[in-house]
Amino acid sequence: MFNLVESLIDAWSTHEQVIWNLQIVFMGIMVSLSCGLVGCFVVVRRMALLGDAVSHGILPGIVIAYLLTGSLSVGPVWIGACIAGLGCGACIEWLRTKTPLREDAAMGLTFTSFFALGIVLLSLEVGQVHLDPACILYGEIGLTPLAPELVLWGVPCGNQALWNMGLVCLATMISTVVFYRFLLVTSFDTSLARSLGMPVASIQYGLMLLLALVVVASFESVGVILVLAMMILPPVSSSFLFRRLPNILLSCLPLSILYSLGGLHLAYWMNFPISASMAITGVVIFLPCCLFGPNGGIFTNTKSLSIQEGSKGIPIN
Amino acid sequence: MFLLIWKRLRCALLLLALFWMPCVLSAAQISSNLEQDWINKAFRFWTFADSSIQVIALGAILIGINCGLMGGYVVSRRLSMFGDTLSHAVLPGIAVGFMISQSRDEVALMIGATFSGFVGVGIISLLKRYTKMKEDSAMGLVLSGFYALGICLITYLQKSSGGGMAGLESYLFGSLVGLSSDDLIPLCLCLAMIILCFVLLNKELLLSGFDPSFARSVGLPVDLLHFCLWILLAFCIVSSLQIIGVVLVSALLIIPAATAGLLTHKMSRLLLFSGILGALTGIIGCFLSFLVERLPAGPVIVLCSAFLFLTVLFFNPVRGILPSWIRTRKRGQRIRCENTLKACYQVLEESSFSSQSFSQTSLARRRRKSDAEIEREIDVLIREGYATRQIILLEQKSELPSENMISLTPSGWEIATRMIRNHRLWELYLTKEASYAPDHVHDDAEKIEHIIGEKTVRELERILDNPRRDPHGKLIPSQNDIDRGWLSPPLVTEK
């Protein structure tokens, strides 16, 4: 019924297909790399679901930007989405600190309301325009090669979507390297960071801005919810393999290459959407890491636990 | 014309109230009998004339009550994002249910969805128990993983089976319009189950939610109760999924319960309130989406409940943000007033109460503030009726500015003596009973003097045996002194 080998080779058989698929794969790598890098810090701070919240919260920003300017061009949409994403994050922070609401309730309340506002505006005003809600929910990375060509000073420079994503990916990498120290200390020990004189609150907001930027850049290709998968899967999988944060950050690159290639071929093989099959590839890679990972995998974990229990005689729960 | 204005106004108000953002609204088509039309529509809705309106309104109310009741438990156990996870995790189950039954058979879809929601919850608790993963990463993983699987399966089914799958996408966004009376049966069933469970297991659920270790030590099957709650939650989500969609189900779980949590701290009342709020927003959202064309009911219901939440958050008379801000402001103003009056007393005391009034510059010197600041403080006192001001011209040296003389009214005098008494009594109490050093007590007394009431002052006087002198040797004014005129009362009568 399915021929694995054929579907693997088919995708790379002709010259056009190689170019077409390379663009998709490259896009996938950049999306999951930038999501993964931001995701590492987000997961470490136990704010994993914030990615979900912000990625839903940008919807009204996109719709309002569209309504104001009447076009889906990159500039206004990105600005609107970034403002909405930051507004969503600030709302959550305000509700959490200034009202009796708990963090989870504040998060759930804010992002669902933002999302509902976005949908209402969308259905009221945009109607049948190609800002399709389903597309926002699961994106279409497969259409990357159809993006218009970027022309700089009359010289064609290649796919515009790729350039946009590439810039965001570069910005993420640079800011991760530059602010690595600050991000590291504030993630693990806020009081130490404060005593070292680091601006903890502004680092928090800076991370949120980066998160919003990455989410906005990638939602078009992988959709609102699968951004969350791309954000959580790399750090969580590699945390079973490595102990130190730099290793986990570095392992995002090979993981994102695997996700992208695996997702593409799974999609060709089973006729799935590419973005969803990237997430499924991620889950498939996560499973062995979680079961057999040297750093706290389920099977390795129980062994070391029982040794500790035997040697110390203390019940560990 | 009226409808146009009304539509614009309402949308603008809703948006402004929610996010203070400007919005652009396109002009609606104007027909001749719009006024009639609008009233007619409202009348038709609220009399439930059509059977379709009956079904839709009933469905919205039922969903509101179901989600509100379940949400009360979910939010109070800090599991708000759990509802969101569960509502995404049921997606592959729906696809599998369809694959097995080969039709949109309600029962098969529901069994599949409940089962897959359950697998999701199971995976979360396994990951939490056997690995070092934190709850939020585990939830995010299950949410996105199951959702991706669900989308893949649904896309695959749509591509392979053609038109038969047309309805499955409605699980993503939901639609109230296509509701038939058959769809109400699972909702009623779910409501009955929830109420039955809550009535029978009220005490057990309460205990296991708020203090699981105590509940375990009493011998309650805590895990079983959790399990029971998950089944109910999954059933509640699955039954409302088709009507309002994946994302907005979690909104209906969280928002009414969070609103109720602002109003009360008692669990039974919280459940009642959040059920009522859910039903209320359900019917209002339905009405709005019935009035305005193209307005989808689910998001409007969510926006209504968010609006209610914000209203309660800001205007709730007990703990609302606006009332408590006003209270804080008033208290601050009172304390500033009392501090100025106290300084007035001290200025008069320096001159051994020889005169009724004192100059504004002496007060400024006493408080170590600029003349302009003192001027403002005195203005406040005069506005409140605590003091009066006379302008006295110094005749000989006309190049000097005129001098303002302040005198206190009886009510101002009373507050001033009371503050001084509170302050000095507290200082004495700290030195005598708490053995503070005399030079350490001032700051503490400075804060407490505004707070302690008449009753505490009597108690202090009794403990300290009606003292006359404070630790710094100054007189503590008592009611007796003022009554007999030993301390000079002001001669100015209140205006």
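Among contacts in chain B between residues at least 6 apart in sequence, those that join residues at least 24 apart make up 69%; two residues are in contact if their C-beta atoms, placed from the backbone, lie within 7 Å. The model is a predicted one, in which local features need pLDDT of at least 70 and side-chain atom pairs count only at pLDDT 80 or more, while totals for chains, interfaces and linings use all residues. Residues are numbered from 1 along each chain as its sequence is written, and chains are lettered from A in the order in which they are written.

Chain B contains 21 helices and three strands, where helices (H or I, at least four residues) and strands (E, at least two) are DSSP runs numbered from the N terminus. Of its 495 residues, 38% count as buried, that is, with 20 or more other C-beta atoms within 10 Å of their own. The domain assignment of chain B, which is automatic or from a database, gives domain 1 (51-315) and domain 2 (328-393 + 401-484). The centres of domain 1 and domain 2 of chain B, taken over C-alpha atoms, are separated by 61 Å.

Two helices of chain B illustrate the packing. Helix 4 (residues 80-89) and helix 12 (residues 246-263) of chain B pack at an angle of about 155°, their axes being 8 Å apart; the axes are lines fitted to C-alpha atoms over the stretch in contact, and angles run from 0 to 180 degrees between N-to-C directions. Helix 4 and helix 12 of chain B are therefore roughly antiparallel, a term for angles over 145 degrees. Helix 4 of chain B contributes Ser80(B), Gly83(B), Asp84(B), Ser87(B) and His88(B) to the contact, and helix 12 of chain B contributes Val246(B), Val249(B), Ser250(B), Leu253(B) and Ile254(B). By class, the residues of this contact are four nonpolar, five polar and one charged. Here Ala, Val, Leu, Ile, Met, Phe, Trp, Tyr, Cys and Pro count as nonpolar, Asp, Glu, Lys and Arg as charged, and the others, Gly among them, as polar.

Between the chains, 54 residues of chain B are in contact with 53 residues of chain A. On the side of chain B that touches chain A, at least two residues each come from helix 4, helix 7 (135-161), helix 8 (170-173), helix 12 and helix 14 (297-315) of chain B. Helix 7 of chain B supplies the largest share, 16 residues. This side of chain B has 36 nonpolar, 10 polar and eight charged residues.

In chain A, Leu226(A) lies in helix 11 (residues 200-239). Leu226(A) counts as buried because 35 C-beta neighbours lie inside 10 Å.

How values were computed. Parallel < 35°, antiparallel > 145°, perpendicular 65-115°, else oblique. Buried ≥ 20, exposed ≤ 12 C-beta atoms within 10 Å, placed from the backbone.
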